Amino acid sequence: MTSTLIFKNLEKDTIFQKQWQSYQLVINEDYNHHRVLYAKLPDYFKNRFLHSFSVLDLGCGDVDYLSRTFANNNMWSLVSAYTGVDLSEQAVEIGKQNMHPLLEINAAVSFAIGDMLNFVRQAKASSYDVIFSSIAVHHLRDDDKKELVQEIRRILKANGVFVLIDLFLDEAEDRDDWAMRFVTHIRNSWVKLNSEQIDSYVNHTFNFDFPTKLSIYKNWAEHDSLFADVKCFDEVGFFKAIVFET
């Protein structure tokens, strides 16, 4: 029994390492356009919050790009508390190492391993100033996304914001058309990935990616006046950075 468990853990770690190597290559080559989509966040947060603010990071992964963005713009001193939520225990362990800047200033840092929707369902009202999610929410179906937006509004403080960086459908296409377009883009443009890595992303796209139109997000936000405004920071190719303001 013990040897079987060890084998399963090793197999799980091997799968994670392969996925992690592909993910790091995508990030380093900027195939998800993080440089542009994250660029306006530091000034926005500094102007929005005159003092410190708390952050909930949904689908945080290893927190690498967000932590570097904050560090490069002297942002960590403004963060009073950080909470990261992700399904991957291995990614969270790496994320803990990337949060040393916050630990050095004695800010509250915590992580939760689990589903982001379940986490926000159980969170207390008016708990966070900033709720952030990058390239993660599109894995949810629309009913769950709608509930997520509603729960996020409940747990945001006054003057809080929800910043969403993600894949989006064009307004005139459905999910199947989008998937074919995105897969073609991956095959033609993500040239540093090998064939196994490409096939993995293609399979992931068809099975796990369910992006939504910006207009639908706006409709959810306007329902019962959940949010005062939804702004699009930037958009590059298949990706957008948007902010829901209370």
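Helix α3 (residues 41-48) has Leu41, Pro42, Tyr44, Phe45 and Arg48 buried (under 20% relative accessible area with a 1.4 Å probe, protein chains only; exposed is over 50%). They lie on the same side of α3, because their arc around the axis is only 165°. The arc is taken from the directions from the helix axis to the C-beta atoms. Asp43 and Asn47 are exposed, on the face of α3 turned away from its buried side.

This is a predicted model: local features need pLDDT of at least 70, side-chain atom pairs count only at pLDDT 80 or more, and totals for chains, interfaces and linings use all residues. Residues are numbered from 1 along each chain as its sequence is written, and side-chain values use heavy atoms, with hydrogens and water left out.

Helices here are DSSP runs (H or I, at least four residues), numbered from the N terminus.

| Helix | Residues |
|---|---|
| α1 | 2-28 |
| α9 | 175-189 |
| α10 | 195-208 |

Ser22 lies in α1. Ser22 counts as buried because its relative accessibility is 7%. Beyond neighbours within four places in sequence, Ser22 is in contact with Gln197 and Tyr201 (heavy atoms within 4.5 Å). The side chains of Ser22 and Gln197 make a polar contact of 3.3 Å (a pair of N or O atoms within 3.5 Å, one able to donate a hydrogen and the other to accept it).

Helices α9 and α10 pack at about 170°, with axes 10 Å apart. So α9 is roughly antiparallel to α10 (angles over 145 degrees). The contact residues divide into eleven nonpolar, two polar and three charged. Among them, Trp178 and Phe182 are in α9, and Tyr201 and Phe206 are in α10.

Notes:
Helices (H or I, at least four residues) and strands (E, at least two) are DSSP runs, numbered from the N terminus. Axes are lines fitted to C-alpha atoms, for helices over the stretch in contact, and angles run from 0 to 180 degrees between N-to-C directions. Angles under 35 degrees count as roughly parallel, over 145 as roughly antiparallel, 65 to 115 as roughly perpendicular and the rest as oblique. Ala, Val, Leu, Ile, Met, Phe, Trp, Tyr, Cys and Pro count as nonpolar, Asp, Glu, Lys and Arg as charged, and the others, Gly among them, as polar.
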